[in-house]
Amino acid sequence: MPVQNSPATYEASSQQIHEAVSAWFLGPQAENAELLKDLFNDIVADHVSARTSYHPEDGAFITQDIKHSEVYHRMVATLRTKLARLSSLLNDRSVPFYSPRYAAHMVFESSLPSIAGWLAAMLLNPNNVSFDAGPITTLLELEVGRDLCRMLGFEEGGDVRSWGHLTCDGTVANIEAIWTARNLKFYPLALRAAMAPSHPLHFLSKIFTVPLPSNPAIDVPLCFLSTWELLNLRPADILSIPDRLTREHNVSTHFLETTLSKYLVQSTGMAGLGAWGVDKSPKFLVASTKHYSWPKGVALAGVGSENLVNVPVDIHARIDVQALRHILDHHLSTRQAVYAVVAIMGSTEEGAVDPLAKIIELREEYQAKGLSFIVHADAAWGGYFTATLRDPPAEWHSTWPGSSSSTQDASERTPFNRDYSPTLAMKPYTLHQLGALKDADSVTVDPHKGGYCPYPAGGLCYRDRRMRCLLTWTAPYIQHGKRGESIGVHGVEGSKPGAAAAAVYMHHSVVGLHKRGHGGLLGEVSFTCARIAAHWATMSDASTPYTITPFNPLRSESTPASPAATAELEAEKRFIKERILGRSNEELIKEAESDPGVLAELRALGSDLNINAFVCNFRVRRRKGEGREGTHARTEVEDGKGDGEQWEWVLNDDVSEANYLNRCIFDRLSVTDIGQHPRKVPLFISATVLQAQDYGVCLERLKERAGLEAGSGRDLFVLRNVVMSPFQAGAGFVGKMEEAFRRVLEESLKHVVEKNTVTPQIHRFIVQGTDRLFLAYRPLFHKANGRQQLILEVDVPDRAQWAAYLEARTEHPNAIFELWTRPTPVTIEQLLQGEEPLPCLVLADSHVVLNVACAIVSLNLTIAHPRVVKHRSLRSRYLDAEYPGAHTPFYLYGTPAQAHIDHMLLKAPNAQFSAEGVGLELDHPVPSEKLAAGVILYVLNAPEAAMQPFQEDRDGAVQCFFYPDAQFEVMVCDDPFEATAHGPGLADASTHKHPVIARGKMRLPLNVFVDMVDLNREDFRGNERITPGMVKGMDWEDQTAWMAMVRERLDEGGNEYFTSNRNHGVDGMFNDGRDISRKPDLREEVDADADVKAAGYN
């Protein structure tokens, strides 16, 4: 056995591991290009030799005459041209997964052994659906399955032997695990049905016994058990039934398979459960942060996503064991069966590892209570990390230089160099849970993730190989013996590439699934992950205009917030800066020998498994005490101010604005737009949305640490980096990554802070009324200056201006009139103070061209004495969690002669619907004093939630219920809240026992105002845009742009299909870096025309 964890061998073994790793990959700068060429040449040479030596007497089929023909040469030229274009496109515009600057998803370059294995087999194109279609690669897949089972720690003994195979991905592996758990649960019920009187297995009904679920020491006839007891037979007892029937009762396998097939749930379907006495569908229990394959899988298996129970997670995003216990108790008391409990071993969003060891204990505990279920481990990401637990095999020591470390002279050890990358053991918690994988019933593990193999290569392993027979559609015995085992009969897939098996086999055999092989590779990336996590944890402090909050708390953050806890946190950050960030890798490891605290701190940083998630926030400078709840502030005296005015930097608490900042960063550090060239992105990271309904207390805790409000229950957009490259930790490269990120963060901050700083500006209002003047504000959800819904009544002291206004309204009765607070910019606070009359500009049917307001009417109007009808904040913390589900609410205000409405903005995104002088036919009049104060009008039979999100169609037309001359059934209620009250819950007047004022009908005028663009605008940087909202994926215009670029580069036809009708002449075929998914800017067109003319073209 090698010496482990001793200071004398640590540096040499770590350096040698990195030297071995360097031979396993092509390298970030293609350093091993000659090796790759040699491997490809050897593969092709062997392949040519195989072809030419197989019945050479057949002679050549592609003759020299054919090769000299014009058609042949033309086709070869086409092949070379097309390949050159494709290769150029792929290498130019693909994301550089191979670079240490890529830290986004669970993607890295495939290892050289796996690439070589893939190519060698791909030239033969074997199909592992059956043994005869791919005999060698089938055997390789079976060997790969044994490798995975050994790596996971499955032990062989008695009737229990493990088995594993490859799938196309982890999703299919999870679906197969769902399928297996379902079939296992109902197998005893199918057997009981086959033993019923007049059924073929009735002769066994009184003599075939099984252990009692709650007391396995007692055997009872299977047919005597209740449905509940049959649903809770122990898995091992169920799996032993076929062998026992053969051994104890001489029932042949062939007879059992053919007879029982029509009774199985495979044949009867889930609709037949009632006939078996199952009145409650069993459930799958899984952490609420599960992968999307789980709801997809239960739907495909006929179980239904309603039968997938989300178990809450704790503050570390791991399944909450106490919550799981509570759910199991509930199922036991209500006699509702459980298919399986699923443990996530490395969540794809934040690398969290569920407490599998505790879940295994619960399986045994509840099995003794009569509630039986299997435990499946979704270790698609984390499975390969068990290689760090395995010692190298005996034969490895003879091939590894200097492996006999105890006799190695110090002078023979490889010295440190600039690229030295140490290995780092994972957290003790993580190691303990990975060790428990050996006791799981089934495990998903993906070679194309943590195994560094090419796609597609997922995997599924069973602790008991008999579980695979629950999926068999062809009797297993037919596929054994001399004919070999056909893997395809056991899984979801049919045809599957044998090349995947060859690729994984090569990686396993060359690299080795142990501490000094694949485990060493993952140890290096674990070290790098901790190194990067140290930067995220310390990049910000009280002096920076931004904060970075890691998803995983530092050790000092485990205590409740207090001055002492804050001091402890700052002390830990100083320790990290001085003792970790300020040290080279060599210095870190040497110092760890004398101070274990350094290594302990490193191991504590980051997530359970090599993913660092974090959220950025920002500070805004405001006058001290100005309009901000909270205490996250530092005070300074403004330089250059003679009066010594006090300012404070206030930490933003608005979740929407933090989301926006993080999306801005993500858009800069990813490829989401046709105008972004991958080779110009300085660093790649990824992002995800943490949904409140899934993350619960975990998300609340993260928001609290980031200084964000948690009361609104809004989802949070976070950034993340996944560490797979073993080349990031060397030569101070992590520092380069931090600087690249910092530059983008600071650049993104500029406009984010600007739009969240209250400054004097031009405000816009919809003008309503000719008897009294009411103003409905044009709000902006995502800009501090406009983040309020405001309705005012104002006076016009200048009678001449009032007369001109009335005349304009008479001449243009159906126009939309707007008031702009021009020429003097003001804040809303200054406007409401109304100390002086405010000169304004009124425009009718206004629109903006080249930053110039154009209108059919333009006149001056000075307003005074503003009276607030409604003034309600639109900050995210005050918005509702859901859109109104029963009605669509409006504010109703004005005078008895002229009543106006403005849509209540309760949740973002939304639309502003305003109308003046609406026609009301009510059973009771609304008192004038109530109209003056504003009441709530509900549009009945039009639930807002059913219509949201309001949006324009592709041609810019508004698709909504609010149109000229529309008529609605309405109900008018008192508004029980103060004019300046904030939400949430502002539309709940009907539930506050305030009387209904009136019911009746409302008819809209011809001049209705609708805005669903400016209200929801997030980016105020001219025509730049970021990924809209929390939407994932590309919209139609994005796809248009990308496909146009690809077709142009490949010289394909059909560009007319990829022209956006909406963009009017901005054709997706042009690959000039423009963002063609937005409307064209007239200024850009003018500038472009000028450039063309200046160049001498007409």
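Predicted model: local features only at pLDDT ≥ 70, side-chain atom pairs only at ≥ 80, totals over all residues.
**The eight-stranded sheet**

Eight strands form an open sheet in the order β27-β32-β31-β28-β24-β25-β26-β33, and their pairing is antiparallel. The edges are held by β27, covering residues 919-922, and β33, covering residues 1008-1011, each of which pairs on one side only. From one strand to the next, the twist averages 30°.

With strand β28, residues 935-939, β31 runs antiparallel, and four bridges join the two. Within this pairing, Val939 stands opposite Val970 of β31, while Ile936 has Cys973 of β31 as its bridge partner. With strand β32, residues 996-1003, β31 pairs in the antiparallel sense over seven bridges, and here Val972 stands opposite Ala998 of β32. Because five of the seven residues of β31 are buried, the strand is largely enclosed by the rest of the structure. As a general point, side chains in a regular strand alternate between the two faces of the sheet.

**Aromatic pairs and charges over rings**

The model contains 25 aromatic pairs. Two of them are set out below, with the distance between ring centres and the angle between ring planes.

| Ring pair | Centre to centre | Angle between planes | Class |
|---|---|---|---|
| Trp381 and Phe385 | 5.7 Å | 70° | edge-to-face |
| Phe913 and Phe950 | 5.0 Å | 85° | edge-to-face |

The class follows from the angle, because planes over 60 degrees apart count as edge-to-face. In the pair formed by Trp381 and Phe385, Trp381 has a relative accessibility of 2% and therefore counts as buried, and Phe385, at 1% relative accessibility, counts as buried too; the cut-off behind both assignments is a relative accessible area under 20%.

Arg468 lies over the face of Trp163, at 5.1 Å from the ring centre, and Lys907 lies over the face of Tyr883, at 5.4 Å from the ring centre.

**Two helix pairs**

The axes of helix α6 (residues 135-152) and helix α17 (residues 498-511) come within 8 Å and cross at roughly 45°. At that angle, α6 and α17 are therefore oblique to each other, and their crossing is left-handed.

Helix α2 (residues 33-53) packs against helix α5 (residues 112-122) at an angle of about 25°, with the axes 10 Å apart. This angle falls under the limit of 35 degrees, and α2 and α5 are therefore roughly parallel to each other. In contrast to the left-handed crossing of α6 and α17, α2 passes α5 in a right-handed crossing.

Conventions. Residues numbered from 1 in each chain as written. Heavy atoms only, no water. Pairing = 2+ DSSP bridges. Axes fitted to C-alpha atoms, helices over the stretch in contact; angles between N-to-C directions. Phe/Tyr/Trp six-rings, centres within 6.5 Å; stacked < 30°, edge-to-face > 60°. Buried < 20%, exposed > 50% of the residue type's maximum accessible area, 1.4 Å probe, protein only. Lys NZ or Arg CZ within 6 Å of the ring centre and 35° of its normal. Parallel < 35°, antiparallel > 145°, perpendicular 65-115°, else oblique. Left-handed = near helix turned anticlockwise from the far one by under 90°.
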